[in-house]
Amino acid sequence: MDKYVNLIKLSVGSESVDSLIAWQDSYRQRFDDGLPRHVTRMWPKREAEILNGGSIYWVIKGVVQCRQRILRLDEVRGEDGIRRCAIVLYPDVVRTQNALKRPFQGWRYLQPEDTPADLPKSRAQDDTLPDDLNRALAEIGVL
């Protein structure tokens with residue numbers, strides 16, 4: 001299978017890529033494998049395509065700003081007994097070109113041709129812009 005698909009998800013509560021990384025670093029300590037994960041109610045029907053090279057693209061403050069490769073999907077059950085999907089991620093966060101994204105609930109599939117490009121490694125540590133400037137530049141296609 002050559003085909004893969006990505007996911008896109010709002011990173012609710014994150015103020016920046018750095019705050020997403022910090023939250024994941026503290027949360028992943030709960031697990032024996034030390035890998036970050038996002039737990040969701042819905043199990044992706046396109047699991048095989050996701051696991052064939054897909055990433056999760058994070059929307060922070062209305063802008064796609066980074067992605068993480070998806071390692072696997074684990075079944076987890078909460079104290080309520082409901083089956084959930086843990087999207088287990090590689091710890092490396094790859095910053096991407098900024099792309100505006102309107103709010104939505106849950107996660108969505110994202111085709112490879114619709115994804116923002118990764119930033120070159122030389123730009124990965126660029127100073128972050130204020131949210132309003134970041135959004136304005138993304139709106140006119142500069143970032």
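Reader: How many salt bridges does the structure hold?
Author: This is a predicted model, in which local features need pLDDT of at least 70 and side-chain atom pairs count only at pLDDT 80 or more, while totals for chains, interfaces and linings use all residues. Residues are numbered from 1 along each chain as its sequence is written, and side-chain values use heavy atoms, with hydrogens and water left out. If a salt bridge is taken as a side-chain nitrogen of Lys or Arg within 4 Å of a carboxyl oxygen of Asp or Glu, the number of salt bridges in the structure is 13.

Reader: Which residue forms a salt bridge with Lys 61, and how many residues apart are the two?
Author: The partner of Lys 61 is Glu 15, and the closest N and O atoms of the pair are 3.0 Å apart. Helices (H or I, at least four residues) and strands (E, at least two) are DSSP runs numbered from the N terminus; in these terms Lys 61 sits in the loop between β3 and β4, and Glu 15 in the loop between β1 (6–10) and α1.

Reader: Is Glu 75, which forms a salt bridge with Arg 83, buried or partly exposed?
Author: The closest N and O atoms of Glu 75 and Arg 83 are 3.1 Å apart. On a scale where buried means under 20% relative accessible area, exposed over 50% and partly exposed in between, with a 1.4 Å probe and protein chains only, Arg 83 at 40% is partly exposed. The value for Glu 75 is 44%, so Glu 75 counts as partly exposed.

Reader: How many bridges join β4 to β5, and which residue of their hairpin takes a positive phi?
Author: Two strands pair if DSSP finds at least two bridges between them, and β4 and β5, which run antiparallel, are joined by seven bridges. Along this pairing, Val 76 stands opposite Arg 84 in β5. The hairpin has five residues between the strands, and the residue with a positive phi near 80 degrees is Gly 81.

Reader: Which strand pairs with β5 over four bridges?
Author: β5 is mostly covered, six of its seven residues being buried. Within β5, Ile 87 has His 38 opposite. The strand that pairs with β5 in the antiparallel sense over four bridges is β2 (residues 37–40).

Reader: How many residues has the largest nonpolar core?
Author: A nonpolar core is a set of buried Ala, Val, Leu, Ile, Met, Phe, Trp, Tyr and Cys residues joined through side-chain atoms within 4.5 Å. In the largest one, the residues with the most contacts inside it include Trp 58, Ile 87 and Leu 89, and α1 (17–27), β3 (55–60), β4 (63–77) and β5 (83–89) each supply at least two of its residues. Its total number of residues is 15.

Reader: How are the rings of Tyr 27 and Phe 31 paired: stacked or edge-to-face?
Author: Rings of Phe, Tyr and Trp (its six-membered ring) pair if their centres lie within 6.5 Å, and planes under 30 degrees apart count as stacked, over 60 as edge-to-face and the rest as tilted. The structure holds three aromatic pairs. In that of Tyr 27 and Phe 31 the centres are 5.3 Å apart and the planes stand at 75 degrees, so the pair is edge-to-face.
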